[in-house]
Amino acid sequence: MSKVIKGGTIVTADRQFAGDILIEDGKIAAIGYDLTADEVIDADGAYVIPGGIDPHTHLEMPFMGTTADETFESGTWAAATGGTTMLIDFCLPGPDGSITNAINDWHRKSAPQICSDIGYHMAITGWNEQIFDEMKTAVEMGVNSFKHFMAYKGALMVEDDEMFASFSRCKELGALPMVHAENGDIIQELQQKYLAEGITGPEGHAFSRPPELEGEAANRAIMIADAVGTPLYIVHVSCEQAHEAIRRARQKGHRVYGEPLIQFLTLDESEYFNKSWEHAARRVMSPPFRSKAHQDGLWNGLSAGSLQVVATDHCAFGTEKKKMGIDDFTKIPNGTGGLEDRLAVLWTTGVETGRITPEEFVAVTSTNIAKILNIYPTKGALVPGADADIVVWDPKISKTISANSQKSIIDYNVFEGFEVTAQARHTLSRGDVIWSWGKNSSPQPGRGRFVARPAFPSAAKALSKWKALNTPRKVERDPMNIPSGI
Ligand SMILES: NC(=O)NCCC(=O)O
Ligand SMILES: [Zn+2]
Ligand SMILES: [Zn+2]
């Protein structure tokens, strides 16, 4: 059965125009005027945008001795109700260290639960021949991005030489290396320092992870990627120190991408000084929320193009699990929520204020990451042939964000009380309407699909060519000009 989305203003990453979108067999069949179909979806007075893609989630993440509460079912459903139609989740190696087994484990967990499409990044948390070999298999399984934690010493953290080896393997395979950029060694020292001083509350989390430690690690990761000759994606950029490193690298022609979180654009470190332990602990994530002084730079980066993607790092532990750190902030499971509210909060604080345009909104919530991860234009685009992952985005539907009414499974919301002035009137995933505002939509677990991502995004190919032209070469000397040995 064909559908047509009629009467809306279509917004892509580069323009806005009035038009209709015809959908057939889960794909966009045509974009034009006065199109007809079996079913009409009313977009009158609304925008029509590509479904949001959130490239940074940790559903059911085993972490810090527990597991994140947000499931693949509740997480993909909450995301869909907020206009996000694809998540990219992080696979973590299990006790056997196998990354291919980890990918299959994530398939086993996610497939029966997801109501919309999913992709994976693979975490590299050590280095050995098995990982070297299995990275090739992972790429063949449709995972073309590999995450390196420079923090979480003793758990997920890798050393510089391991990153160099893994980035080199990424280059060989045409895969994208990603980093969590914080100096894990110094964080551990500062954690012990503040605990010894009797600071055990969530404020200690912020004190022990100053922005300088993120900036240093961002510079280090950029240096390693440049030495190898590969692009680099820096996740959850929170501060000016990291953003400045990215700007400098990009001005030198390095292909470095930066991903601020919707939380970092709108919330700040004062949350950690709240007198309620629970309020503060619920907001413990890494890197921590920063002072307001950092927010303007992140916003400017989105409109200037030095930062490309707004994500959420949705890693949601309920309050009961946060209490694991009641006497020691280093034991508070790190992570907050955000995937349900990312688009509405960014639209309200960004587009409605004029900080970003509707086109930039589409770019940073969908199109840019689709290009970076090599799934454009199947995803992140409104063009014939693309998957019909589409949102009728209604700027006149407003709501007050609250844990009491959210679809997310956890018992709090870091955006509690935010008045947002835009919502998904309809969310379509591969042409199926999976959410409609004001209707009693319910999740359809298992209808989502894994989206395999081919390797060799164009940036990696271009960089390889340029590096090959400029690589250091042996100087051929006439033996006559070489002094004989003494
Ligand atoms: N970010 C966070 O606090 N938790 C999730 C794991 C990570 O991304 O570092
Ligand atoms: Zn991280
Ligand atoms: Zn993360």
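User: How many cavities of 30 Å³ or more does the structure hold?
Analyst: This is a predicted model, and the structure holds two cavities of 30 Å³ or more.

User: What volume does the largest cavity have?
Analyst: The volume of the largest cavity is about 100 Å³.

User: Which residues lie nearest its centre?
Analyst: His58, Phe63, Tyr152, Ser286 and Asp313 lie nearest the centre of the largest cavity, out of 15 residues that line it. By class, that lining has six nonpolar, seven polar and two charged residues.

User: Where does ligand 1 sit?
Analyst: Ligand 1 sits in the largest cavity.

User: Which residues surround it there?
Analyst: Four histidines are part of the surroundings of ligand 1, namely His56, His58, His180 and His236. The surrounding residues also include Phe149, Tyr152, Met285 and Ser286. Asp313, Cys315, Asn334 and Gly335 belong to the group as well.

User: How does that shell divide into nonpolar, polar and charged?
Analyst: The shell around ligand 1 has four nonpolar residues, seven polar ones and one charged residue.

User: What is the distance from an oxygen atom of ligand 1 to the side chain of Tyr152?
Analyst: An N or O atom in the side chain of Tyr152 is 2.5 Å from an oxygen atom of the ligand.

User: And what about His58 and His180?
Analyst: For His58, an N or O atom of the side chain is 3.2 Å from an oxygen atom of ligand 1. For His180, a polar side-chain atom lies 3.0 Å from an oxygen atom of ligand 1.

User: How much of the ligand does the protein bury?
Analyst: Ligand 1 exposes 260 Å² when taken alone, and the protein buries 100% of that.

User: Back to the cavities: how much space lies in the second largest cavity?
Analyst: The second largest cavity holds about 70 Å³ of space.

User: Which residues line it?
Analyst: Its lining includes His314, Gly337, Gly338, Glu340 and Asp341. Also in the lining of the second largest cavity are Gln406, Ser408, Ile410, Tyr412, Asn413, Val414 and Phe415. By class, this lining has four nonpolar, six polar and two charged residues.

User: How much space lies in the second largest pocket?
Analyst: About 200 Å³ of space lies in the second largest pocket. Asp226, Gly253, His254, Arg255 and Leu463 are the closest to its centre, of the 14 residues in the lining.

User: Which elements give two or more residues there?
Analyst: Helix H7 (211-228) and helix H15 (458-470) are the elements that give two or more residues to the second largest pocket.

User: Which one gives the most?
Analyst: H15 gives the most to that lining, with four residues. By class, the lining of the second largest pocket has seven nonpolar, three polar and four charged residues.

How values were computed. Residues numbered from 1 in each chain as written. Chains lettered and ligands numbered in written order. Predicted model: local features only at pLDDT ≥ 70, side-chain atom pairs only at ≥ 80, totals over all residues. Heavy atoms only, no water. 1 Å grid on protein atoms, 1.4 Å probe; cavity = no way out; pocket = protein on both sides within 12 Å on 5 of 7 lines; lining within 4 Å. Points joined across faces, edges and corners; volume = space filled by probe spheres on them. Nonpolar A, V, L, I, M, F, W, Y, C, P; charged D, E, K, R; others polar. Near = heavy atom within 4 Å. Polar contact = N/O pair within 3.5 Å; in protein donor to acceptor, adjacent residues only side chain to side chain. Areas by Shrake-Rupley, 256 points an atom, 1.4 Å probe, with all protein chains shown as cover. Sits in = over half its atoms within 2 Å of the grid points.
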